[in-house]
Amino acid sequence: MHVAERWRSESVVASGGSAAPYDYGPTVLAEAGRYRAWWCSQLPGIGPDGDDVLHAESDDLRGDFATAGGASAVPVFNGRPGGFDAMHTCDPSVLKTGDRYYLYYTGAAGDHAHGNAIGVASGPDGLAWRREAAGEPIVTPSAAVRRSNDYGAGQPSALYLDGWFYLMFTDTTAAGAGWNGAGQFVQRARDPAFTDRVQALTQSGFEPVGPDPRIRGRSVVDAFSADWMWVDALQAFAIAHQTAEGTTITFWDRGFTRHPYEPVVLPGPWQEGPGLVRAADGHAPVSEVDFRGTVPIELLRATTANPAPTGIRSTGVGVSEMDELDD
């Protein structure tokens, strides 16, 4: 593997403005020559006193994201009183299939670390959202293991591949999580609300979930707040997660049987998880090159703590000569 190019934005590119105490957990879609970003923040006077999802766009990944009216960002989703997500809606992951956008998010009725769960909403434009699944969570904590980290289930990342909706997420109560609750689990279903033929990734491959979520015994990466995409040019899943070196990209083959390529590292400061630049369906953006040429990997990530994660900047790397690893 050869690193052909490495870059990082000189300044913060996405922010809720001076009134926002934090900005983190971005999801990014490349659409029609523009970049659309959604992330977790909090603006005064917007919905309940908790996390909101903000949105902004840019035609340059290294330039400032803003709204059509020139504001830094606009709130597009927040808590719903009386729901499982009454106070907090955070960690957005957005994809589009057909003419519909889907927003997967972490929801909490009160302060975090009290059994978070994952919800889904949909909309026609990525700005106006309607809660799906009757406003109930589509993934809840498995409660298989009691740990001091009682965060629960959250930090989802969704993509669409071969007629399946794939969801990767954190569950600090899962059997396959680490001592500190770290781990990323995978489920897939034929429908975006995860009710049709739901399957979970196990040591033996994908198996029907059934009524017992304790099937979460296999983690695909030891991390919190990861993001992923399917790279058609490599025929592999690429998972972005934070390590001591920066953002590490780990690759899995289609069946999660092996790592087909060496990991790629994007060094630099980080606070909270990264958001890969993806096409609308969660695949890597279409490139004129294939795995024999240069494969661009680009993302947004929070880079400072003040005291919460904030300062979203962009970074990227071009890699080439990605020879497959031996079995």
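**Burial and aromatic pairing**

Visitor: Is G123 buried or exposed?
Guide: This is a predicted model: local features need pLDDT of at least 70 and side-chain atom pairs 80 or more, while totals for chains, interfaces and linings use all residues. Numbering starts from 1 along each chain as its sequence is written, and side-chain values use heavy atoms, without hydrogens and water. G123 belongs to strand β8 (a DSSP E run of at least two residues, numbered from the N terminus). The relative accessible area of G123 is 0%, so the residue is buried (under 20%, 1.4 Å probe, protein chains only).

Visitor: Why does the aromatic pair of Y166 and F237 tie together parts apart in sequence?
Guide: The whole structure holds 17 aromatic pairs (Phe, Tyr or six-membered Trp ring centres within 6.5 Å; stacked under 30 degrees, edge-to-face over 60, otherwise tilted). Y166 and F237 form a tilted one, at 5.6 Å and 50 degrees. Because Y166 lies in β11 (164-171) and F237 in β16 (236-243), the parts joined are 71 residues apart.

Visitor: What is the relative accessibility of F237?
Guide: Ring pairs place F237 in a cluster with Y166, F206, W228, W230, W252 and F256. Y166 is buried at 3%. F237 is also buried, its relative accessibility being 0%.

Notes
Helices (H or I, at least four residues) and strands (E, at least two) are DSSP runs, numbered from the N terminus. Buried means under 20% relative accessible area, exposed over 50%, partly exposed in between (1.4 Å probe, protein chains only).
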